[in-house]
Amino acid sequence: MVSLVAADRSGISAGRRFRALLERPGILRMPGVYNGLSALQGKRAGFEAAYLSGAAVSAAMGLPDLGITTIDDLCFHIRQCFHAADLPMLVDGDTGFGGALNAMHMVRRFEEAGAGAVQIEDQVLPKKCGHLSDKRLVDAHEMAAKIAAAARARRDMVIVARTDAVEEEGVDAAVDRANLYLAAGADAIFPEALHDAGMFAAFAARVQAPLLANMTEFGKTPYFTADEFAEMGFRMVIWPVSALRVAARAQEALYAALARDGSAAAQLDAMQTRAELYETLGYGQYEELDASIERSTLPS
């Protein structure tokens with residue numbers, strides 16, 4: 001079913017759908033998406049939810065992940081992904097775009113755009129990727145107030161509180177922050193940049209809430225599988241920038257070939273074909289929706 005008639009066909013909000021997935025047994029697997037096509041491809045691969053990464057959105061816009069993007073920037077990408085794939089998404093809300101009132105505004109805008117859950121972190125602006133050094137944290141109670149405000153503003157949205165305190169303050173402080181955020185209204189906790197399996201398991205033993213693991217590449221966390229994270233006590237896992245990294249490397253190879261050869265012929269085997277792209281997009285189904293469009297025939 002194409003997205004023009006499929007999006008939100010159930011009538012159930014993205015927040016309620018996300019919460020239902022989180023309440024099921026097992027670990028919820030969410031690939032990172034950053035535009036409508038990537039969301040469609042994630043859905044076709046069998047995923048039931050997705051993660052809209054602020055780092056991937058920033059990179060796609062040609063910007064570093066330093067909190068430069070705006071609420072409108074993220075809403076543009078939320079709407080694309082939601083209407084293309086109709087997947088409940090966890091959206092990276094960075095620091096909430098300001099104070100408590102900004103976080104409330106963000107929640108309402110994201111929810112209207114189609115997000116099912118939002119992640120808010122306890123850094124100050126300008127924020128950094130969670131796997132970089134010298135991050136600066138807000139006071140724990142200030143963050144708790146922001147979480148409480150976000151929870152008050154939501155309709156059905158799931159609130160995920162991220163803490164970057166492990167690197168700067170230690171595991172005990174991160175656990176204390178996580179429990180404070182839960183008391184303030186967070187539904188789940190995202191402990192960022194944990195270093196080893198023991199740290200993941202210890203955090204899960206001390207924080208009684210759904211926990212999210214970040215399996216980003218080239219960071220501080222070793223490469224674990226989704227099942228391994230589940231065994232450590234985690235309920236969600238994201239691969240936030242993996243799709244963009246693969247796409248960016250493929251584009252580099254294409255542009256190098258064009259500059260070198262004056263032709264893309266050497267890259268044909270690395271390309272999705274026209275037929276494969278049209279199948280992903282439901283091209284023929286769109287044509288069937290409008291009787292004035294003749295059914296297209298692909299070139300030989």
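1. A search of the whole structure finds 17 salt bridges, a salt bridge being a side-chain nitrogen of Lys or Arg within 4 Å of a carboxyl oxygen of Asp or Glu. The model is predicted: local features need pLDDT of at least 70, side-chain atom pairs count only at pLDDT 80 or more, and totals for chains, interfaces and linings use all residues. Residues are numbered from 1 along each chain as its sequence is written, and side-chain values use heavy atoms, with hydrogens and water left out.

2. Asp-227 and Arg-29 form a salt bridge through their side chains, at 2.9 Å from N to O. This pair links distant parts of the chain, 198 residues apart: Asp-227 belongs to helix 11 (residues 226–231) and Arg-29 to strand 1 (residues 28–33). Helices (H or I, at least four residues) and strands (E, at least two) are DSSP runs, numbered from the N terminus. Asp-227 is partly exposed at 45% relative accessibility, and Arg-29 is partly exposed at 36%. Here buried means under 20% relative accessible area, exposed over 50%, and partly exposed in between (1.4 Å probe, protein chains only).

3. In the salt bridge between Arg-44 and Glu-279, the closest N and O atoms are 3.7 Å apart. Arg-44 lies in helix 3 (residues 36–44) and Glu-279 in helix 13 (residues 274–281), so the pair ties together parts 235 residues apart in sequence. Glu-279 is exposed, with a relative accessible area of 54%.

4. Arg-206 and Asp-172 also form a salt bridge, with 2.8 Å between the closest N and O atoms. Because Arg-206 lies in helix 10 (residues 197–206) and Asp-172 in helix 9 (residues 171–184), the pair ties together parts 34 residues apart in sequence. Arg-206 is partly exposed, at 40% relative accessibility.
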